[in-house]
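Let's take a walk through this fold together, from the overall layout down to a few individual side chains. Keep the viewer open as you read.

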Amino acid sequence: MSHNNDGKKTYKMESSYSALTVEEVNDWPCLAKEDYGMTKRAAEYFGIKSKLCEKTGDKIVKTAYPSYDQQGNIDGYKIRDWTVPREHKFHILSVGNVTIGNKLFGQQQIENISPNRKKIVMVEGEGDVVSAWEAAMQYLDGTKWAGKIIPCIVGLQLGTTNAVA
């Protein structure tokens with residue numbers, strides 16, 4: 001971060017975004033981001049990848065949410081860059097193809113575990129899906145239903161603005 005002549009904060013984006021590929025993001029690990037409310041269990045279940053700081057190796061600097069095409073292949077990732085504030089226009093970027101034609105976030109997991117599911121819960125975005133799924137899983141932990149019921153929760157990948165046609 002630096003300051004321009006007006007004293008406003010400016011952020012230099014990494015040039016690696018333009019060169020980043022889906023295959024490279026596929027190799028990132030699935031990690032917990034506790035300060036965001038995401039457990040390792042949720043990251044692994046949804047295939048959410050994390051990039052660690054190259055200097056320290058201990059801080060998550062990017063979180064990548066997979067986007068599946070209608071055939072069930074990872075077509076791209078929506079990436080949240082934690083090194084820039086939410087207000088910055090580049091705090092969310094994509095790699096590969098992340099389009100409204102792709103599956104809802106969480107839909108791939110539902111189709112894999114319960115293809116004939118008749119009831120699902122729909123929330124707004126990826127973070128909401130993860131939070132609702134984790135809350136439901138914690139509620140089930142320690143009960144006779146733990147491991148037998150998997151919550152089916154989906155969300156819009158590109159926000160509610162793209163839901164209106």
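**A guided tour of the chain**

Buried residues make up 39% of the 165 residues in the protein chain, where buried means under 20% relative accessible area, exposed over 50%, and partly exposed in between (1.4 Å probe, protein chains only). Before going further, a word on the origin of these values: this is a predicted model, in which local features need pLDDT of at least 70 and side-chain atom pairs count only at pLDDT 80 or more, while totals for chains, interfaces and linings use all residues. Residues are numbered from 1 along each chain as its sequence is written, and side-chain values use heavy atoms, with hydrogens and water left out.

The chain holds 5 helices and 8 strands; helices (H or I, at least four residues) and strands (E, at least two) are DSSP runs, numbered from the N terminus. Reading from that end, the order is β-β-α-α-α-β-β-β-β-α-β-α-β. Among contacts (heavy atoms within 4.5 Å) between residues at least 6 apart in sequence, 51% join residues at least 24 apart.

Now look inside. A nonpolar core is a set of buried Ala, Val, Leu, Ile, Met, Phe, Trp, Tyr and Cys residues joined through side-chain atoms within 4.5 Å. The largest one has 13 residues, of which M38, F46, I48, F105, V130 and W133 touch the most other members. Helices α3 (40-46) and α5 (126-140) each supply at least two residues of this core, and the largest share, 4 residues, comes from α5. Which residues does W133 contact, leaving aside its neighbours within four places in sequence? They are R41, A42, Y45, F46, I150, P151 and I153. Apart from this core lies another, of 8 residues, including L20, A64, Y77 and I79.

I110 counts as buried because its relative accessible area is 8%. Beyond its neighbours within four places in sequence, I110 is in contact with P115, R117, I120, C152, I153 and V154. I110 and I153 are 43 residues apart in sequence, and their C-alpha atoms are 7.9 Å apart in space.

V121, in strand β7 (residues 121-123), touches C152, I153 and V154, again not counting residues up to four places away in sequence. Is V121 buried or partly exposed? Its relative accessibility is 43%, so V121 counts as partly exposed.

Next, H91 is found in the loop between β5 and β6 (92-96). With 16% relative accessibility, H91 counts as buried. A polar atom of its side chain lies 2.9 Å from the backbone oxygen of R86, and a polar atom of the H91 side chain also lies 2.9 Å from the backbone oxygen of H88. Setting aside residues up to four places away in sequence, H91 touches I79, R80, D81, V84, P85 and R86.

R86 brings us to the second largest pocket: of its 16 lining residues, Y36, R86, I92, E126 and G127 are the closest to its centre. A pocket is found on a 1 Å grid over the protein atoms alone, as an open set of points where a 1.4 Å probe fits, with protein on both sides within 12 Å along at least five of seven lines; lining residues have an atom within 4 Å of a point. Helix α5 gives the most to this lining, with 3 residues.

Definitions and conventions
A polar contact is a pair of N or O atoms within 3.5 Å; within protein, one must be able to donate a hydrogen and the other to accept it, and residues adjacent in sequence count only if both atoms are side-chain atoms.
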